[in-house]
Amino acid sequence: MSIMLTVRRHLNRIEEYICCLFLAVFVTLLFTQILVRQFFQYSIPWGDEVATYLFVWFTYLGAVVAAKMSAHNRVSFHFNYFPPVVKTVCETIADLLWIAFNLYFVYLSYDFVFNKMNLFWKSQTTGIPMKYIYMILPIAFLLMSIRILWNVIDRLKGIEHDDPEAEEIRKLSEKKMDIPKLP
């Protein structure tokens, strides 16, 4: 087993576990906030703010996981009408343009977080420096670029990644063909 495959497998798990953790924590926090407000007429002062930050981090890391599964929304049905070589070239060019955009955004967000952001900008209720909240931007877009690049390399090797919906549709159509017709 190659080192790259091992790193990739561990990165998959870490990203997915962190997404699950953020989702569970922010949903639990919001649910607790609702219960406390309804039954005790009290509000957790930092609850909504922390839940919002966790939701933002969850969303960006979820985009990374979606890039890993090639599950991002994109218009690609027209590629199916091309010959396989042309389809591969067109998808690769589109993904390389996407990587270029992401890397430019990594540069812009890194510059913003480390050079342009005021050190004294802090979260209102928790006092967390906003630099740590905004760090998700360069992190997520860099990870997304890595994921897209890995998918491009796999595509050029002949390994095609189906998004989860396409895979489910394929499984359902296979089951539909296996069902015997009733008289």
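Me: What should I know before starting?

Reply: In this predicted model, local features need pLDDT of at least 70, side-chain atom pairs count only at pLDDT 80 or more, and totals for chains, interfaces and linings use all residues. Residues are numbered from 1 along each chain as its sequence is written, and side-chain values use heavy atoms, with hydrogens and water left out.

Me: How many residues does helix α3 have, and what span does it reach?

Reply: Helices are DSSP runs of H or I with at least four residues, numbered from the N terminus. The expected span is 1.5 Å times one less than the number of residues. Helix α3 (residues 84–116) has 33 residues and reaches 46 Å from first C-alpha to last, close to the expected 48 Å.

Me: Which residues of α3 are buried, and what do they pack against?

Reply: Buried means under 20% relative accessible area, with a 1.4 Å probe and protein chains only. Among those of α3 are E91, D95, I99 and N102. The buried residues pack against α4 (130–134) and α5 (136–157).

Me: Which residues touch the most other members of the largest nonpolar core?

Reply: A nonpolar core is a set of buried Ala, Val, Leu, Ile, Met, Phe, Trp, Tyr and Cys residues joined through side-chain atoms within 4.5 Å. Here the largest has 24 residues, and M144 and I148 touch the most other members. Elements giving two or more residues to this core are α1, α2 (47–68), α3 and α5.

Me: Which element gives the most to the lining of the second largest pocket?

Reply: α5 does, with four residues.

Methods:
Buried < 20%, exposed > 50% of the residue type's maximum accessible area, 1.4 Å probe, protein only. Contact = heavy atoms within 4.5 Å.
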